[in-house]
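Open the structure in your viewer and keep the selection panel at hand. The stops below tell you what to select next and what is there.

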Amino acid sequence: MISDEENYNEFLYNLLQNQEGIDFKINQVNSVDSAIKEINSRDYDSIILDLSAGENCAAAAKEICNASSHFPLIVITRSDNESSLNTLKSNVHQIIRKDYLNTNMITQTILSAIDRKNFENEVQMRDEILQAVNNAAEIFLTQTDWSSYLNEVLASLGKATKSDRVFVFSNSVSDEGALVGEFQAEWVNEDFQITKTNTIADGLDYVEADLGRWVKIMQTGEVIQGDVEDLPVKEQPFLVKLGVKSLIYVPIFIDHTWWGFIGFNQCITHNDWLKVEIDALQTAAKILGAAISRQVTEEKLIYLATHDYLTNLPNRLLFEDRFRQAQARSERTGKRFAIVSIDLDRFKIVNDTHGHQIGDQVLYEVAKRLTVAIRGTDTCARIGGDEFAIIAEEIHDKDDVLRIMEKITLTLQEAITLDKKEIQVSASMGASIYPAHGKTMEELMRAADKTLYLIKGSTARYKIFSDDQITWLRE
């Protein structure tokens, strides 16, 4: 109630209190500015404007509607017909002459205004959600990298649903074997402040948060929705900590497997979700699932094309790409890098003695050990058969290369135990350095291979290509 007439809210309340089955609560302020602050901080059903004679009712009504268009506005006026007509043009739902006020009129006016505005709000929200879903479909189904556009889509859906926070969690299994939700992205309404206690960036442990019921429900494709206070008591602490009052969480599926969910939180006011809105949000979740599924499929195809099927190491195709990247970095920084060629010793005997299945398992174990032995910035690839190659970057001198090959030698010394059999494996290695021994991958690989085969069968395990052997590369 906006009125400068003292205790006018009590007068209206007395008119309304005898209305059976309806409990009205009226708060009064005496200015439009105070009203705007009040309606933005609490959840009201309607606004009643009562201004003194001579004040510009139309201007006041317009200011209120601009600040809070989702509330129905009723004007109690003393003005003439022309002024009332101007007020109606300001989006006011109903105008009542003050001298005609009675219980039935004011009650019916308030209820009809609320019903009418609720309907308008529902239609508007539905249309905005559908538009946001259409935008999501256009983005996700035309762009290959869905994650780059996720924040944009969440912002669109958040504004359309008038949510305070919209986020996406994907499911994974923790080191302890628990199902957890991993934070992917979120959009937050500027009126809602993120704090240390209400952040969701740390993820979600379903069991620890007593949300096992959610898992069972979302695995069936159903949504979690409602006011926090109406949810099971054990689920409330987690949500109260996040500052949530109402929520709807919609599961996302990929190839009929529950991948995660998209969540919509109301933290400032409560919200009752309509079926048409829930249906639209489920459609948005399906579109997101389709986009993720497509990207996962594309990533799998790329992975298969660039990695060795047996060891999961990069294959020659990816090795060549990593070489070009290392070459570009070297040219830019002036730092050298090395190519190390690795060939397992007497591996044919392993296959002939234990069979190819055991031989494949040996190759897999060797690949694991090589991966552990090299630095995170280096690349280890399986070139073919029992041959591997390493790109070792940021090499300062030959001693750096020797240390890498020494570490690999030590890594392979321990016998590999398979099917209760101990299999001893060793390797011969040759290395070349960019750009001293070549400027192309073919030249550097050839230099490393020549050095490797020079020591093959000897007691030496590794050697770096010598500068005086450059003439060999022309042979």
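**Before you start**

This is a predicted model, in which local features need pLDDT of at least 70 and side-chain atom pairs count only at pLDDT 80 or more, while totals for chains, interfaces and linings use all residues. Residues are numbered from 1 along each chain as its sequence is written, and side-chain values use heavy atoms, with hydrogens and water left out.

**Stop 1: the largest cavity**

Select Ala-136, Phe-140, Val-153, Leu-157, Ile-262, Ala-284, Ala-285 and Leu-288, which line the largest cavity. A cavity here is a set of points, on a 1 Å grid over the protein atoms alone, where a 1.4 Å probe fits but cannot get out; lining residues have an atom within 4 Å of a point. Grid points are joined across faces, edges and corners, and a volume is the space filled by probe spheres set on the points. The largest cavity holds about 40 Å³, and the count of cavities of 30 Å³ or more is two.

Now colour by element: helix 5 (103-140), helix 6 (150-161) and helix 9 (275-306) each give two or more residues to the lining of the largest cavity. Helices (H or I, at least four residues) and strands (E, at least two) are DSSP runs, numbered from the N terminus. Which element gives the largest share of this lining? Helix 9 does, with three residues. The lining has eight nonpolar residues, no polar and no charged. Ala, Val, Leu, Ile, Met, Phe, Trp, Tyr, Cys and Pro count as nonpolar, Asp, Glu, Lys and Arg as charged, and the others, Gly among them, as polar.

**Stop 2: the nonpolar cores**

Keep Phe-140 and Ile-262 selected: they have the most contacts inside the largest nonpolar core, which has 37 residues. Such a core is a set of buried Ala, Val, Leu, Ile, Met, Phe, Trp, Tyr and Cys residues joined through side-chain atoms within 4.5 Å. Buried means under 20% relative accessible area, exposed over 50%, and partly exposed in between (1.4 Å probe, protein chains only). The elements that supply at least two residues of this core include strand 5 (165-173), strand 6 (179-188), strand 9 (246-254) and strand 10 (257-266). Helix 9 gives the most to this core, with nine residues.

Show what surrounds Phe-140: leaving aside neighbours within four places in sequence, Phe-140 is in contact (heavy atoms within 4.5 Å) with Trp-146, Leu-150, Val-153, Ile-287, Leu-288, Ala-291 and Arg-294. Another core, of 35 residues, lies apart from the largest one; Ala-367, Ala-373, Ile-404 and Ile-464 are among its members. In soluble globular proteins, nonpolar side chains tend to be buried together.

**Stop 3: the aromatic cluster**

Select Phe-167, Phe-169, Phe-183, Trp-214, Tyr-249 and Phe-261, a cluster linked by ring pairs. Rings of Phe, Tyr and Trp (its six-membered ring) pair if their centres lie within 6.5 Å. The whole structure has 11 aromatic pairs.

**Stop 4**

Go to Gly-430 in strand 16 (residues 427-434). Is Gly-430 buried or exposed? Gly-430 counts as buried because its relative accessible area is 0%. Beyond residues up to four places away in sequence, Gly-430 touches Ile-339, Val-340, Ser-341, Ala-448, Thr-451, Leu-452 and Lys-463.

Move on to Pro-435, in the loop between strand 16 and helix 14 (441-455). The peptide bond that joins Tyr-434 and Pro-435 is cis, with omega about 0 degrees.

**Stop 5: two positive phi values**

Most residues other than glycine have a negative phi, and most peptide bonds are trans. Select Lys-162, in the loop between helix 6 and strand 5; its phi is positive, near 55 degrees. Lys-162 counts as partly exposed because its relative accessibility is 41%. Then select His-256, in the loop between strand 9 and strand 10, where phi is also positive, near 70 degrees. His-256 is exposed, with a relative accessible area of 81%.

**Stop 6: two distances to draw**

Draw a line from Ala-59, in helix 3 (residues 57-67), to Ile-390: the C-alpha atoms are separated by 76 Å, and the residues are 331 apart along the chain.

Technical notes. 1 Å grid on protein atoms, 1.4 Å probe; cavity = no way out; pocket = protein on both sides within 12 Å on 5 of 7 lines; lining within 4 Å. Phe/Tyr/Trp six-rings, centres within 6.5 Å; stacked < 30°, edge-to-face > 60°.
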